[in-house]
Amino acid sequence: MKRAPGSRGTAWIGSPLAEGPMQTHFEETHPAPVHGGLDARELESLGLRPEAVLDFSASINPLGAAPGVREALRSLPPDAYPDRSCLKLRRALGSRLDIQPDSILVGNGSTELIHLIARAFLDHGDTAVIFAPTFGEYAAACRLGEVSPLFLPSNQEAEFRWDLPHALNIISGLRPSLVFVCNPNNPTGTYLGEEEVRQIAESLDGRGLLVLDEAYRSFVDRRWRSQGLLRMGNVALLRSMTKDYALAGLRLGYMLGSKEVLACVGKFQYSWSVSAAAQAAGLVALDHPQHVEHGRCIVGASKKFLTGALSRMGLECLPSAANFLLVRVGEAARLRRELLTRYKVCVRDCASFGLPEHIRVGVRNIEESRRLVRALKAAAAITDNHE
Ligand SMILES: Cc1ncc(COP(=O)(O)O)c(C=O)c1O
């Protein structure tokens, strides 16, 4: 049976009578993952209204929520429980993806699925491998399972690509229970090809699960059909309808995998975790695949514009297959704060990825991208004047 997190003797809870916030050892060993998106507390402290801020720190479909979603939510009876098995949504996904509904597990965002996978596959003493730098929830989920993951860092000098032969050697030697690969990778935009991912799965030699997180796949121009990997049996694919159809507030993601893997993971999902609102929105959204295509076209055009404009400003802009750009700016935290407070534009400072000189820019439409460029130029002018 799985233990309660932090129950292995080292956790202690500060006295609730002590002055100041209660502190736990757990907080030190399990730091909360950092994310993009607007932070209510920060905005309040700066006296900013969220509606007034243009958010480039999250990376979702620039078109906003898919057509019909708002109407579907208005006609939703709030007093009925959601379908626990998300049957209609799985059927609709199944016919769109040409896959059996029982090969799909729907989650309250793909984040829930990451945590369920870690709970199902990791126990104290197991090994997990994470291709890094990447999304912080993989490490957080591993640590909650009392496993310190091994990070395989990419090479910054080689456009953040990984040394694959080295990675394969490590994986076959370590025999991990889980390997997390984000493809395209957040925040670098690196996109691995089919053969590379297949080799990673093979290096597990049938003993562990490869989790391929494809949260940003829909925004890749020349993407390969990853579903073929499911035949290997030890691969699970994660997708995010939050990103594809801009449903971030509703939370919706899904996982594709073998029936055995899904049964194992699904056991840890609590009942009704996917709300009726998220299911209804997802169903309507799936009727509008052109919404994703159109979003991808906008991303393509804006990415080209931003890459050109930022490079002309002397900022190093990494080629990205995804709907975000990693940009080297120098002191990223200071620039982020400046952009937010002076120009009401929010970008993601990448210090939590171990990249304090980089920001990540979620690609929005051209008009909005122009506003970002104007703000960056103004911020650069201020810095130049101060030097
Ligand atoms: C790589 C990656 N996977 C998953 C997620 C979470 O997506 P969801 O909203 O579906 O939980 C994110 C969100 O930033 C992400 O960057």
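Predicted model: local features only at pLDDT ≥ 70, side-chain atom pairs only at ≥ 80, totals over all residues.
Biologist: Which elements supply the domain 1 side?
Modeller: On the side of domain 1 that touches domain 2, at least two residues each come from α12 (289-312), β10 (324-328) and β13 (358-362), and α12 gives the most, with five residues.

Biologist: What sort of residues are they, nonpolar, polar or charged?
Modeller: The residues on that side of domain 1 divide into 15 nonpolar, ten polar and three charged.

Biologist: Switching topic, where do the two domains run in the chain?
Modeller: The domain assignment gives domain 1 as 28-63 + 290-386, in two segments, and domain 2 as 81-288, while the C-alpha centres of the two domains lie 25 Å apart.

Biologist: How many residues does each domain put into the contact?
Modeller: Domain 1 contributes 28 residues to the contact and domain 2 contributes 31 residues.

Biologist: What area is buried between them, and what share of it comes from carbon and sulfur atoms?
Modeller: About 2,600 Å² is buried between domain 1 and domain 2, and carbon and sulfur atoms give 63% of that area.

Biologist: Which three residues of domain 1 supply more of its buried area than any other three?
Modeller: Those are R296, A321 and F353, which together supply 22% of the area that domain 1 buries against domain 2.

Technical notes
Residues numbered from 1 in each chain as written. Heavy atoms only, no water. Domains from an automatic or database assignment. Contact = heavy atoms within 4.5 Å. Buried area = accessible area lost by both parts, 1.4 Å probe. Helix = DSSP H or I, 4+ residues; strand = E, 2+ residues; numbered from the N terminus. Nonpolar A, V, L, I, M, F, W, Y, C, P; charged D, E, K, R; others polar.
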